[in-house]
Amino acid sequence: MTVPSYLIAAMIALGSVQSWAASPSYEIDGKHFDAVNEPTYSIGPDGTVDWYTAEGYAAYHRSCQGCHGPRGEGSPLGAGLLDGLRTQTYLDFLDAVTNGRIAHRDGTARIMPAFGTVPDVFCRIDAIFIYLRAEAADALPDTSPLASANAGTTAAEDLATCLAE
């Protein structure tokens with residue numbers, strides 16, 4: 001699978017400082033970014049989430065919750081993700097999910113497998129990051145964020161292209 005060009009551009013453009021609970025500063029084709037150019041969530045006054053947050057919720061629950069718990073809080077099988085997302089950049093997250101990690105805690109090795117070749121995860125990596133960022137900020141209701149704005153044209157096209165490869 002090839003890495004979509006929009007993802008490569010995002011990797012290059014993003015800085016290393018994370019402001020995990022920041023409000024969106026700007027939006028490009030339905031994707032919101034904070035003041036340091038990290039992808040972030042947007043929640044409307046009526047509780048409607050952006051497409052990326054809703055898509056990330058669905059992808060996370062299909063592929064990640066089995067190890068990391070229903071809201072990223074961790075489980076006996078996988079580490080909690082929320083504390084890390086308060087200090088981790090998008091590029092850190094991308095590296096961990098794409099290449100996997102081995103973490104040693106309490107004398108036990110926890111292995112995060114690499115998901116860089118799993119289309120349902122990799123093609124939605126931005127969305128999963130954005131969803132988890134909202135969870136880390138405790139910005140989401142306890143119910144699923146199913147109501148969402150439509151995907152921007154580029155987002156829908158990029159996802160379809162990535163999944164087709």
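## Basis and burial

A residue is termed buried when its relative accessible area is under 20%, exposed when that area is over 50%, and partly exposed in between. The model is a predicted one. By this criterion phenylalanine 129, with a relative accessible area of 0%, is buried. Phenylalanine 93 also counts as buried, at 7% relative accessibility.

## Helix H5

Helix H5 spans residues 90-99, and its buried residues are Tyr90, Phe93, Leu94, Ala96 and Val97. Viewed down the axis of H5, these buried residues fall within an arc of 165°, so they line one face of the helix. After H5 comes glycine 100, which has a positive phi, near 80°.

Phenylalanine 93 makes contacts beyond its neighbours within four places in sequence: its partners are Leu85, Gln88, Ile125, Ile128, Phe129 and Leu132.

## The largest nonpolar core

In soluble globular proteins, nonpolar side chains tend to be buried together. Here the largest nonpolar core comprises 32 residues, and the members that touch the most others are Tyr60, Phe93, Ile128 and Leu132. At least two residues of this core come from each of helix H2 (51-63), helix H4 (82-85), H5, H6, H7 and H8. The greatest contribution is that of H7, which gives nine residues.

## Aromatic pairs

A pair of aromatic rings is described by the distance of the centres and the angle of the planes. The count of aromatic pairs comes to six. One of them is the edge-to-face pair of tryptophan 51 and tyrosine 52, with 4.9 Å centre to centre and 85° between the planes.

Phenylalanine 93 and phenylalanine 129 form a tilted pair, 5.3 Å centre to centre with 55° between the planes. This pair links distant parts of the chain, since phenylalanine 93 belongs to helix H5 and phenylalanine 129 to helix H7, 36 residues apart.

## Cysteines and the disulfide

A disulfide is a covalent bond between the sulfur atoms of two cysteines. How many disulfides does a search of the whole structure find? The search finds one. The bond joins cysteine 123 to cysteine 162, with an S to S distance of 1.9 Å. The torsion about this S-S bond is about -80°, so the disulfide is left-handed. Cysteine 123 is located in the loop between helix H6 (119-122) and helix H7 (125-136), while cysteine 162 is in helix H8 (residues 153-164), so the pair ties together parts that are 39 residues apart in sequence. Cysteine 123 and cysteine 162 are both buried.

Cysteine 64 takes part in no disulfide; the nearest cysteine sulfur belongs to cysteine 67 and is 8.7 Å away. With 14% relative accessibility, cysteine 64 counts as buried. Cysteine 67 is likewise in no disulfide, the sulfur of cysteine 64 being the nearest cysteine sulfur at 8.7 Å. At 37% relative accessibility, cysteine 67 counts as partly exposed.

## Strand pairing

Three strands form an open sheet in the order S1-S2-S3, paired in the antiparallel sense. Its edges are strand S1 (26-28) and strand S3 (39-40), each of which pairs on one side only. Strand S2 (residues 31-33) pairs with S1 over three bridges, in the antiparallel sense. Tyrosine 26 stands opposite phenylalanine 33 in S2.

Another antiparallel pairing joins strand S4 (residues 101-105) to strand S5 (residues 108-112) through five bridges. Within this pairing, histidine 104 has alanine 109 in S5 as its bridge partner. The hairpin of S4 and S5 has two residues between the strands, and in it aspartate 106 adopts a positive phi near 55°.

Technical notes
Residues numbered from 1 in each chain as written. Predicted model: local features only at pLDDT ≥ 70, side-chain atom pairs only at ≥ 80, totals over all residues. Heavy atoms only, no water. Pairing = 2+ DSSP bridges. Helix = DSSP H or I, 4+ residues; strand = E, 2+ residues; numbered from the N terminus. Buried < 20%, exposed > 50% of the residue type's maximum accessible area, 1.4 Å probe, protein only. Arc of directions from axis to C-beta. Disulfide = S-S within 2.5 Å. Core = buried A, V, L, I, M, F, W, Y, C linked by side-chain atoms within 4.5 Å. Contact = heavy atoms within 4.5 Å. Phe/Tyr/Trp six-rings, centres within 6.5 Å; stacked < 30°, edge-to-face > 60°.
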